[in-house]
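Colleague: I am new to this structure. Could you show me how to read its helix contacts and charged pairs?

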Amino acid sequence: MFEMVIPMQNRNWLRMFRRLKNKDARTVAEEVGLSHFYYLNVEVGGREKAHKVSYKSISKIANTYGIKVDLFFAHTDENGKLTDYDSMIEVRALFATHGYKFAFKSEEVIRYMFTDELADIILDEYGVSNVRT
């Protein structure tokens with residue numbers, strides 16, 4: 001049977017979502033039935049020798065927290081920042097659905113989750129004052 005393996009990459013958007021929920025990684029891991037180490041592999045990517053993350057595991061996280069599974073496949077750069085506009089739309093919808101729409105009014109949060117190029121577009125589009133010049 002084919003087991004889909006999720007890209008081993010840093011996911012700042014997932015870390016920010018967890019932090020907005022005031023939860024630490026260990027708590028989230030327990031709530032979704034994964035080990036703390038395995039959950040961290042999902043969130044921060046892990047090393048090459050780390051266990052591969054399975055579709056079944058991200059489905060547990062997605063179902064528990066109302067996250068679209070597709071978002072786990074969104075490309076991030078080497079710093080864990082999302083790189084494409086469609087992913088930004090998905091993250092914004094996720095945050096708004098869970099009552100965190102205010103996060104998109106914070107330049108610090110936006111720059112934490114998105115590449116500089118995409119962050120500049122978001123800041124301009126949503127009218128957040130851009131202090132970087």
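Modeller: We will take a helix pair, then the salt bridges. Keep in mind that this is a predicted model.

Colleague: Which angle do the axes of helix α1 and helix α3 make where they cross?

Modeller: Roughly 120°. Helix α1 covers residues 12-20 and helix α3 covers residues 36-44. Their axes come within 7 Å.

Colleague: What is the word for how α1 and α3 lie to each other?

Modeller: Angles of 65 to 115 degrees count as roughly perpendicular, and those over 145 as roughly antiparallel. The α1 and α3 axes cross at roughly 120°, so the two helices are oblique to each other.

Colleague: Which residues make the contact between α1 and α3?

Modeller: From α1, Leu-14, Arg-15 and Arg-18 take part. From α3, Tyr-39, Val-42, Glu-43 and Val-44 take part. Sorted by class, the contact has 4 nonpolar and 3 charged residues, with no polar ones.

Colleague: Now the charges. What is the general idea?

Modeller: Side chains of opposite charge can pair when their charged atoms come close.

Colleague: How many salt bridges does the structure hold?

Modeller: It holds 7. One of them joins the side chains of Arg-18 and Glu-43, at 2.8 Å from N to O.

Colleague: Which parts does the pair of Arg-18 and Glu-43 tie together?

Modeller: Arg-18 lies in helix α1 and Glu-43 in helix α3, so the pair ties together parts that are 25 residues apart in sequence.

Colleague: Are Arg-18 and Glu-43 buried or exposed?

Modeller: Buried means under 20% relative accessible area. Arg-18 has 11%, so Arg-18 counts as buried. Glu-43 has 1%, so Glu-43 is buried as well.

Colleague: Which residue forms a salt bridge with Lys-23?

Modeller: Glu-31 does, and the closest N and O atoms are 2.6 Å apart. Lys-23 counts as partly exposed, at 24% relative accessibility. Glu-31 is partly exposed too, with a relative accessible area of 37%.

Colleague: And what about Arg-111 and Asp-120?

Modeller: They form a salt bridge, with their closest N and O atoms 2.6 Å apart. Arg-111 is buried, with a relative accessible area of 9%, whereas Asp-120 is partly exposed, at 35%.

Colleague: Which residues are linked with Arg-111 and Asp-120 in a network of salt bridges?

Modeller: Glu-107 and Asp-116. Read these four as a network: Glu-107, Arg-111, Asp-116 and Asp-120.

Key:
Residues are numbered from 1 along each chain as its sequence is written. This is a predicted model: local features need pLDDT of at least 70, side-chain atom pairs count only at pLDDT 80 or more; totals for chains, interfaces and linings use all residues. Side-chain values use heavy atoms; hydrogens and water are left out. Axes are lines fitted to C-alpha atoms, for helices over the stretch in contact, and angles run from 0 to 180 degrees between N-to-C directions. Helices (H or I, at least four residues) and strands (E, at least two) are DSSP runs, numbered from the N terminus. Angles under 35 degrees count as roughly parallel, over 145 as roughly antiparallel, 65 to 115 as roughly perpendicular and the rest as oblique. Contact means heavy atoms within 4.5 Å. Ala, Val, Leu, Ile, Met, Phe, Trp, Tyr, Cys and Pro count as nonpolar, Asp, Glu, Lys and Arg as charged, and the others, Gly among them, as polar. Buried means under 20% relative accessible area, exposed over 50%, partly exposed in between (1.4 Å probe, protein chains only).
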